[in-house]
Amino acid sequence: MKIGFIGLGNMGLPMALNLLKAGHQVSGFDLAKGQLDAFATAGGIVAANANDTAKDADVLISMLPASRHVEGLYLGDTGLLANANPKTLLIDCSTISPKVAQAVAAAAKAKGFVMIDAPVSGGTAGAQAGTLTFMVGGDAGAVECARPVLEKMGKNIFHAGANGAGQTVKVCNNMLLGIQMLGTSEALRLGIANGLDPKVLSDIMTKSSGRNWALELYNPCPGVMENVPSSKGYAGGFGVDLMLKDLGLAVENAENLDASVPLGKLAQQLYETHSNAGYGQLDFSSVFNLKK
Ligand code: NAD
């Protein structure tokens, strides 16, 4: 199968590498030269631009930062919908606004394409290991067509509903994740202030009712866990500004529907304070060091 892949960042690069390992021909594009070099070294075909990745592709995958990047990629005269072959199955894995996902999918349908939203969970470690969870929005038939490709990058593939539903699930999940990371950081800081060893405290809470993903798999306190961003100077991983974007999507979504998300709003304010202090590019677990 020929696959085009646009957006070879912290997540996109390891996802594309898993498609290569599975024997697919993958043509990729990113704006950052360093990412293209890493992709080429692993055997990927570097395309000259985004539209070039779609040439002869059976499937095209995008993994971009936010809504505006996805709109820019697909829409307009120079966008993919105006230039790619409508037989190409379009899969957007970026985390974006459910409304934008619906609008882009509708524009794709109007041009004869089939498109699904397939945001992911599992972090960069899940992307590398090929164990991501995909939350997919779109027609059931399209989801089944995409499944063999998604299975090369993930372990759990869920059909959430119509176009945009994958993004809605992702928004709910990441609001919970953002809150969990703040709560986990607070509990660890309180223990440390009391003289506890954060590793001992983490081990005990992991077997107690405070256990959660941030504590067990992505501990925010440096030195507690190997191979997580907190033990690598908070480099790589999932950026503070990306978490801030997702909390913005959650709060905006809640306001449109008059749903109550007071903790989501507070989390948004706290990550914003952290970003404004100059830490927007660090991994989101760096809120462990939030000064407030
Ligand atoms: P990233 O910033 O590391 O990567 C994004 C890449 O897109 C960059 O390399 C950038 O150069 C490239 N890019 C931007 N605009 C482009 C364009 N027009 N054409 C080609 N390339 C372009 O971000 P990431 O961490 O890989 O996240 C990507 C998406 O996945 C985001 O929506 C994020 O919210 C979501 N996500 C991230 C994680 C994580 O742990 N990092 C986990 C789940 C979901």
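Colleague: How many bridges join strand β4 to β5, and do the two run parallel or antiparallel?

Modeller: Start with the terms: helices (H or I, at least four residues) and strands (E, at least two) are DSSP runs, numbered from the N terminus. Two strands pair if DSSP finds at least two bridges between them. Here β4 (residues 59–62) and β5 are parallel and joined by four bridges. One of the contacts sets Val 59 against its bridge partner in β5, Leu 89.

Colleague: Before we go on, what kind of model is this, and how are residues numbered?

Modeller: It is a predicted model, where local features need pLDDT of at least 70 and side-chain atom pairs count only at pLDDT 80 or more, while totals for chains, interfaces and linings use all residues. Residues are numbered from 1 along each chain as its sequence is written.

Colleague: What do β5, helix α6 and β6 make together?

Modeller: A crossover is right-handed if, with the strands pointing away from the viewer, the path from the first strand over the helix to the second runs clockwise. With α6 (residues 98–110) between them, β5 and β6 form a right-handed β-α-β unit.

Colleague: Why does Leu 177 count as buried?

Modeller: Leu 177 counts as buried because it has 22 C-beta neighbours inside 10 Å. You will find Leu 177 in helix α9 (residues 165–193).

Colleague: Which residues are closest to the ligand?

Modeller: A residue is near a molecule if its C-beta atom, placed from the backbone, lies within 6 Å of it. Here 28 residues surround the ligand, and the closest are Gly 9, Asn 10, Met 11, Thr 95 and Phe 238. Two or more residues of this shell come from each of α4 (67–74), β7 (120–121) and α7 (123–129), and α4 gives the most, with three. Domain 1 (2–161) and domain 2 (168–289) each supply at least three residues to the shell; these bounds come from an automatic or database domain assignment.

Colleague: What does UniProt list for residues 164–289?

Modeller: The unreviewed entry lists "domain: 3-hydroxyisobutyrate dehydrogenase-like NAD-binding" there. UniProt positions follow the numbering used here, feature names are shortened, and annotations may be inferred rather than shown by experiment. In the model, that span is 63% helix and 0% strand, with its end C-alpha atoms 34 Å apart.

Colleague: What is the phi of Asn 227?

Modeller: As background, most residues other than glycine have a negative phi. Asn 227 has a positive phi, near 60 degrees. Its place is the loop between α11 (213–217) and α12 (240–257), and Asn 227 counts as exposed because it has 7 C-beta neighbours inside 10 Å. Asp 258 also has a positive phi near 60 degrees, and is found in the loop between α12 and α13 (262–279).

Conventions: Buried ≥ 20, exposed ≤ 12 C-beta atoms within 10 Å, placed from the backbone.
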